[in-house]
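Student: I would like to go through the terms used for this model and check each against its definition. Please show the structure.

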2 protein chains.
Amino acid sequence: MRATLMYAAGDVRVEDVADPKIHQPTDAVVRIVLSCVCGSDLWPYKSLPATDEPRRMGHEFLGVVEETGSQVRGLKAGDVVVAPFVYSDNTCAYCREGLQTSCVHGGQWGVGDVDGGQGQAARVPYADGTLVRLPVGEDSELLPDLLTLSDVLCTGYHAALTAGVAPGDSVTVIGDGAVGLAGVISAKLLGAEQIILMGRHQVRTDLGRDFGATDVVADRGEEGVARVKELTGGEGTRRVLECVGLKDAVVQSFGVVRDGGTVSRVGAPQFTDVPFGFDDFLRNITLTGGVAPARAYIEELMPHVLDGSIRPGRVFDRTLGLEDVADGYRAMNDREALKALIRP
Amino acid sequence: MRATLMYAAGDVRVEDVADPKIHQPTDAVVRIVLSCVCGSDLWPYKSLPATDEPRRMGHEFLGVVEETGSQVRGLKAGDVVVAPFVYSDNTCAYCREGLQTSCVHGGQWGVGDVDGGQGQAARVPYADGTLVRLPVGEDSELLPDLLTLSDVLCTGYHAALTAGVAPGDSVTVIGDGAVGLAGVISAKLLGAEQIILMGRHQVRTDLGRDFGATDVVADRGEEGVARVKELTGGEGTRRVLECVGLKDAVVQSFGVVRDGGTVSRVGAPQFTDVPFGFDDFLRNITLTGGVAPARAYIEELMPHVLDGSIRPGRVFDRTLGLEDVADGYRAMNDREALKALIRP
């Protein structure tokens, strides 16, 4: 089959790889119908040193079950399914608590002998635990919306949920990328009254307004913080969703959060130290979040997608065939595209 | 009156200062019956540059109301009262939420024209909001226990509460100082089942066992982390109370916390950057805590002190007159004494 490989920063190729087969009785093989490029794929796209052992790329996909191992009970060939961005057994203690990202048997797509999601098919470990059946056909117009259950919508939701967003709350969302926009959707779902979106790309922030942002702040740094303070009676918001992953965004988060408030970070941190010292200690700021256990949220969020009350698939503003995936990376990296959908 | 002043690291003196008087109609003047030296007083004791404008020291005290301003409603001369370690109006939005440390009118003892607590008396701003009446006489044997409501018990409680300690939980307490020991008391109050105290001073960890610690780990760093993992089936504890304030203690906290768990820090941080990067992000670790709004907890904790079910005053292992307060600083700094009680 054909699949996406990254050989170095800026060097993405589609090549022939081995067809996926059942290795374990708990595996399934899924023919991929839709995949996409993640903002986190851009970190290696900017920085991966050249290698002769290219990375298999992609961790967001939905598709059709082609074959199941002998111990798979809940799925059968022909089922339309979505895969969360890590696989998990969904039975261990962590999974039962809703922390499937710490599953004792779990792991990442594209690592070891596990396929990536930007390809024609994938072997899915722990298929019963990992995959969630979608009650639609593979020709459904909702598929792009449903694909966001794989990562971006659940990541935004994880940010809002761990930040403690509750009805009536004030929330700042930092970052107008796809995760930030999913954060806006999620903050609204959880009842936030004021949702301030910080971002400077008007097409994206306009989409953010459609999704529920009540205010948009294009300024960054101290000016941006001052503007959020103005919008919140001088105090900042109780909840801040940090959807970027850069140190400046974390600093900005601490600037806009109200005393006693919570910053949740879901942007994969591109730094090791958090500037979080005595001043923030005096203000009782909490820093939470982390990699989203998407699997925990899929059933909860799916009804909102199915009934059309949220349309997270609007973050896809470019559609490409698999052979053109490299152009999707380029367009996202050049900020020409918000998020690229791939139809293998 | 006589009061404690710090002129430089290691240079603590008791001198004559102006007698406190009512400045504002919301003030009270309190004759101090008991005070003490805080672990946080040792930071300037180690590092304060020499100054001609010495600091007024002390922020933990209880005493007897001598005089009240014309707008003070809830207190009268003769009342025995305890003061939390910051003053606050207890009516602003932050105070009503239980975050009196962010009170819009609040402030610290010993700053500006506000007296410190290590003296014979103090003017108390916003007396109705700040002071809590104690239902005992000034000769009560419970006074040392009740004095801990001023700071150390409430600080340990803040750690346990913000860490989310709930019945049946596993908790690690890092630090066997007075705050760490108060953290043990608090974790037990909140129903923790396993309480691992990390500390290497046996007299203190023995007291920790009396307070409810189920295990003591004397090792630090990687060995200490490995030992806690052994005690918790390889996973670490769900809750960690960081009661030291040094970077190594924070690193140790992340080492012993279970995936998805919470570290609460109440040791005043002596550093600006927290090493809290991608690995902890993948584990969904939360960092919370901060300076304790002691005022929020006094009424809640007082009954446990009054009925003798907890004895937090056992952290005082040395008693000094005010004129000898410098020796209390020295003894605590040399780790001869755990916490010094001062009887002016």
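Tutor: Between chain B and chain A, 22 residue pairs are in polar contact, both residues at pLDDT 80 or more. This is a predicted model, where local features need pLDDT of at least 70, side-chain atom pairs count only at pLDDT 80 or more, and totals for chains, interfaces and linings use all residues. Residues are numbered from 1 along each chain as its sequence is written, chains are lettered from A and ligands numbered from 1 in the order in which they are written, and side-chain values use heavy atoms, with hydrogens and water left out.

Student: What makes a pair a polar contact?

Tutor: A pair of N or O atoms within 3.5 Å; within protein, one must be able to donate a hydrogen and the other to accept it, and residues adjacent in sequence count only if both atoms are side-chain atoms.

Student: Why is the pair E97(A) and R258(B) called a salt bridge?

Tutor: The definition asks for a side-chain nitrogen of Lys or Arg within 4 Å of a carboxyl oxygen of Asp or Glu. The closest N and O atoms of E97(A) and R258(B) are 2.9 Å apart, so the pair meets the 4 Å limit. The rule finds 4 salt bridges across the interface of chain B and chain A.

Student: How many residues does each chain give to the contact?

Tutor: With contact meaning heavy atoms within 4.5 Å, chain B gives 35 residues and chain A gives 35 residues.

Student: What is the area buried between chain B and chain A?

Tutor: About 3000 Å², with carbon and sulfur atoms giving 49%. Buried area is the accessible area (1.4 Å probe) that two parts lose on being put together, summed over both. Of the area that chain B buries against chain A, Y94(B), F281(B) and N284(B) supply 22%, more than any other three residues.

Student: How do you know that β16 of chain A pairs with β16(B)?

Tutor: Strands (E, at least two residues) and helices (H or I, at least four) are DSSP runs, numbered from the N terminus. Two strands pair if DSSP finds at least two bridges between them. Here 3 bridges join β16 (residues 273-275) of chain A to β16(B), so the two count as paired, and they run antiparallel. V274(A) stands opposite V274(B).

Student: Why are β2 and β4 of chain A said to stand at the edges?

Tutor: An open sheet of 3 strands has the order β2-β1-β4 in chain A, with antiparallel pairing. β2 (11-16) and β4 (55-56) each have a single partner strand, so one side of each is left without a neighbour in the sheet.
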